[in-house]
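The sequence and the structure come first, and the description follows.

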Amino acid sequence: LELFLKGYGIDFLTPLVLEPAWAIILHNGRAAGVDMEKHLPATTLPLGPDTKRPVYMVQNIPDTTVPKREAEKLKQILEKYPEKYNLSNVRLLDKVCKNVDHCANHLSKLAEYKYRLCSFFASLFDLSLDLCLSPTKDAGHTGHSHQGHGHGKKEAESAEESEKGKAEKAEKLI
């Protein structure tokens with residue numbers, strides 16, 4: 001809504017419009033038998049099991065769809081329950097890609113994002129980080145492999161070293 005109003009140069013009206021708009025959404029939801037606030041983080045997360053589940057948060061600072069203040073609220077809730085959640089990492093990014101500020105960082109920093117995602121899940125499932133570094137597996141997103149498509153051994157080794165370099169660079173950022 002804020003972005004929409006900003007497009008017309010009237011984003012100063014956001015606080016005046018946001019609450020009535022949300023009230024209409026809640027009313028229409030109730031009329032349809034849907035409780036739009038039934039599973040909010042503040043009421044649902046405290047009910048989680050005491051298992052110190054790992055959580056990795058990523059937030060784009062200029063995001064207008066999910067503003068930074070929402071991520072901060074979620075972070076506070078998670079930190080309030082250390083027996084339930086282990087907030088293992090919080091990444092704050094500051095990037096707008098072609099006027100897109102929401103769900104764009106995985107595209108603008110693909111190699112880093114893939115490495116971080118892979119290493120997070122590899123640690124959860126006790127898998128080797130080698131899984132995150134393999135150029136053959138990494139090439140899977142394009143449908144191409146370094147082997148069997150005319151790539152020589154030197155080219156495959158070069159690609160593997162390049163991927164390891166990217167991963168080392170990303171690891172320094174962790």
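## A network of salt bridges

Arg91, Glu112 and Arg116 are joined in a network of salt bridges, a salt bridge being a side-chain nitrogen of Lys or Arg within 4 Å of a carboxyl oxygen of Asp or Glu. Glu112 and Arg116 are separated by about one helical turn, because they lie 4 residues apart in helix H6. Helices (H or I, at least four residues) and strands (E, at least two) are DSSP runs, numbered from the N terminus.

Glu112 is buried, with a relative accessible area of 13%, and Arg116 also counts as buried, at 5% relative accessibility. Here buried means under 20% relative accessible area, exposed means over 50%, and partly exposed lies in between (1.4 Å probe, protein chains only).

## Basis of the description

The model is predicted: local features need pLDDT of at least 70 and side-chain atom pairs count only at pLDDT 80 or more, whereas totals for chains, interfaces and linings use all residues. Residues are numbered from 1 along each chain as its sequence is written, and side-chain values use heavy atoms, with hydrogens and water left out.

## Overall architecture

The protein chain has 9 helices and 2 strands. Along the sequence, these elements follow the pattern α-α-α-β-α-β-α-α-α-α-α. Of the 174 residues of the chain, 25% count as buried.

Among the contacts in the chain with a separation of 6 or more, 63% are between residues 24 or more positions apart; a contact means heavy atoms within 4.5 Å. The chain exposes about 12,500 Å², of which carbon and sulfur atoms supply 58%. Accessible areas come from the Shrake-Rupley method with a 1.4 Å probe, and for residues only the protein chains shown count as cover.

## Further salt bridges

The count comes to 6 salt bridges. One of them pairs Asp50 with Lys84, the closest N and O atoms being 2.7 Å apart. This pair links distant parts of the chain, 34 residues apart: Asp50 is in the loop between helix H3 (41–44) and strand E1 (53–60), and Lys84 is in the loop between helix H4 (68–80) and E2. Asp50 is exposed, with a relative accessible area of 55%, whereas Lys84 is buried, with a relative accessible area of 10%.

Another salt bridge is formed by Lys68 and Glu72, whose closest N and O atoms are 3.4 Å apart. These two residues are 4 residues apart in helix H4, so about one helical turn separates them. Lys68 is partly exposed, with a relative accessible area of 29%, and Glu72 is partly exposed as well, with 39%.

## Helix H2 and the nonpolar patch

Helix H2 covers residues 14–31. At 1.5 Å a residue, its 18 residues should span 26 Å, and its end C-alpha atoms are 25 Å apart, which agrees. The expected span is 1.5 Å times one less than the number of residues. Thr14, Leu26 and Gly29 are buried in H2. They cover an arc of only 95° around the axis and are therefore on the same side of H2; the arc is that of the directions from the helix axis to the C-beta atoms. On the other side of H2, Leu16, Ile24 and Ala31 are exposed. H2 is followed by Gly33, which has a positive phi near 80°.

Leu1, Phe4, Tyr8, Leu16, Val17 and Leu18 form a nonpolar patch on the surface, with about 620 Å² of accessible area together. Patches are made of residues with over 30% relative accessible area and no salt bridge, like charges being joined within 9 Å and nonpolar side chains (Val, Leu, Ile, Met, Phe, Trp, Tyr) within 5 Å. H2 gives the most to this patch, with 3 residues. Leu16 is found in H2 and counts as exposed at 61% relative accessibility.

## Positive phi in two loops

Most residues other than glycine have a negative phi. Asn99 has a positive phi near 65° and is not a glycine. Asn99 is found in the loop between strand E2 (85–93) and helix H5 (105–108), and at 76% relative accessibility it counts as exposed.

Asp126 has a positive phi of about 55°, although it is not a glycine. Its place is in the loop between helix H6 (110–124) and helix H7 (130–133). Asp126 is exposed, with a relative accessible area of 73%.
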